[in-house]
Amino acid sequence: MPYVVTEACIGVLDRACTKVCPVDCLYEGGRMMYINADECVDCGACEPVCPMEAIYYEDDLPDEMQVYREAGIAFFEKIGSPGGAKKAGKLTHDAGPAAMRAE
Amino acid sequence: MTSTAVAPLRVAVIGAGPAGYYATEALLASETPLVAVDMFDRLPTPWGLVRAGVAPDHPRIKSVSAQFAEIAGHPRYRYFGNVELGRDISRDELLARYDAVLYAVGARSERRLGIAGEELPGSLAASDFVAWYNGHPDHAALAPDLSGTRAVVIGNGNVALDVARMLLLPQGELSQTDTADHAIAAFAASNIREVVILGRRGPAEAAFTTPEIRELADIEGLDVGVDEPALLEQPLPPETPDIKRIQRNITALTKYGAGQSDGERRMRFRFLRSPVEIGGNGRVESITLAINRLETEGGRTKAIDTGERETIAADLVIRAVGYRGVPLPGVPFDEASATIPNEQGKVTGGDREYVAGWIKRGPSGVIGTNRGDAVETVEQLLADFTGAESRAATRDDISAWLRSRCPDMVDHAGWLGIDRQETGLGEPSGRPRVKLVTIAAMLAAARDTAPASELQTQD
């Protein structure tokens, strides 16, 4: 039961979350951060530090944010479980609403 | 081997828990200057509370150790286990040999209640109880008496919940975990059927995190309830700090209601209670509680004693009211906060000394909180050493000193030997590991020869 990054992250990418994650499971996509659900250990360190309040515990996702849980899964379909965001580096793709919004 | 033009800065990190590893990670990431890290721990085994604190029924959290194992593979990292600052080596000796010393020793003692009867047999600190069931060698002989029926746990944080769960988990579940064998046996023989969790203030002031409250519903056969559920209906002022977590906690607790009176295994939350005396003839038999009311003043909610008392029967009292730091010989220490005084991690009045983790900021936060904390300290350290040359002893001089001073020192290969033996012992029964619980057993495993291809000597 992991955490999920949602709408308020899009275009912001503050990355305060990455500084506190003990397992480096927050990956940078093109326009927002994504949590790898398999690597997340549910420690909860990221949720309170996000200045945009974009992170939710999966159980607490409001209905309109459920789409971000699926986005989180789809994002990793291309790359699997890299075992740490530092290894993966900045990625250029997105999934879900962040991939659909045109600027 | 190519010789480097400039010797790296050499930093001693004291403590191999999360704060120590995150500080090490940040130090090793520095390119100018390059840094080499020697990490020390008083135990043969590393990982601190990730090994000895995280509850065995939370194995996912323990997987952070994979990060630590990766950091430990770095060529500029060395591990020296079973070496204790004070007992084996001194602060002055470290400062003479290293460019800087970073203390990440955590908070291994506990806050006391300061009430009569606290010393009675059957009254324990959660820090000791948790260390016992996690196989910490210093507490393996705790032998808590679980022959009674009711345990009272004092405290409203996640440690209180860990203790309560471990006392009430169905027997079959524990046997699949890395809980120490002596604790699995003790819990299997336990008569404890009810755990009452006491909080000085109300549900809105509890430090629990929501997933830990919710997961109680998944424990088979466990009846969870809140004494006085009306307390859960108090409205929350909108300016309440951390209001989302508190609202979710209240919602989660409300689902349990008052519980069923005939539950075979029961967990009860009782709020607005402060312990004033533990009673009993030669051992814990009862606990007397002050009934509190709440008063909010200047954004802070306090518990005020109403003068009313209630006494309940208890066979075991476990206080989970906070860990507390312990001073290091020769190192500045603030008794009130039980931390080493510092500014953003640089020790006040120190000499090239730094701190990270609980000994720096007090025993708060989750594992990941230590990462930002450690990074802040390392930024200070690197700023202080910008452009500086290393004046440290050589790596070989340091190894020679440690090997002669501490013949029972456990290096990284030795830890891998312990790890290999523990995981090997767990494999036949599908357990993640079976912990070795004495220093002697750990040292024997550390010396156990492995195929040469697996050995990585560090110097």
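Predicted model: local features only at pLDDT ≥ 70, side-chain atom pairs only at ≥ 80, totals over all residues.
Local features are reported at pLDDT of at least 70 and side-chain atom pairs only at pLDDT 80 or more, whereas totals for chains, interfaces and linings use all residues. Residues are numbered from 1 along each chain as its sequence is written, chains are lettered from A in the order in which they are written, and side-chain values use heavy atoms, with hydrogens and water left out.

The interface draws 22 residues from chain A and 18 residues from chain B, contact meaning heavy atoms within 4.5 Å. About 1600 Å² is buried between the two chains, and carbon and sulfur atoms give 45% of that area; buried area is the accessible area (1.4 Å probe) that two parts lose on being put together, summed over both. On the side of chain B, Arg60(B), Arg248(B) and Arg371(B) lose the most area to chain A, together 32% of what that side buries.

Seven salt bridges link chain B and chain A, each a side-chain nitrogen of Lys or Arg within 4 Å of a carboxyl oxygen of Asp or Glu. Arg214(B) forms a salt bridge with Asp59(A), with 3.9 Å between the closest N and O atoms. H13(B) gives the most to the side of chain B that touches chain A, with three residues; helices (H or I, at least four residues) and strands (E, at least two) are DSSP runs, numbered from the N terminus.

Within chain A, helix H3 (residues 66-77) has Tyr68(A), Ala71(A), Gly72(A), Phe75(A) and Phe76(A) as its buried residues, buried meaning under 20% relative accessible area (1.4 Å probe, protein chains only). They lie on the same side of H3(A) because they cover an arc of only 125° around the axis, taken from the directions from the helix axis to the C-beta atoms. Their cover includes strands S1 (3-5), S2 (26-28) and S3 (33-35) and helix H5 (97-100) of chain A.

His93(A) is placed in the loop between helix H4 (85-88) and H5 of chain A. His93(A) counts as buried because its relative accessibility is 14%. A polar atom of the His93(A) side chain lies 3.0 Å from the backbone oxygen of Phe75(A). Not counting residues up to four places away in sequence, His93(A) touches Gly29(A), Gly30(A), Tyr34(A), Phe75(A), Lys78(A) and Ile79(A).

Key: Buried < 20%, exposed > 50% of the residue type's maximum accessible area, 1.4 Å probe, protein only. Polar contact = N/O pair within 3.5 Å; in protein donor to acceptor, adjacent residues only side chain to side chain.
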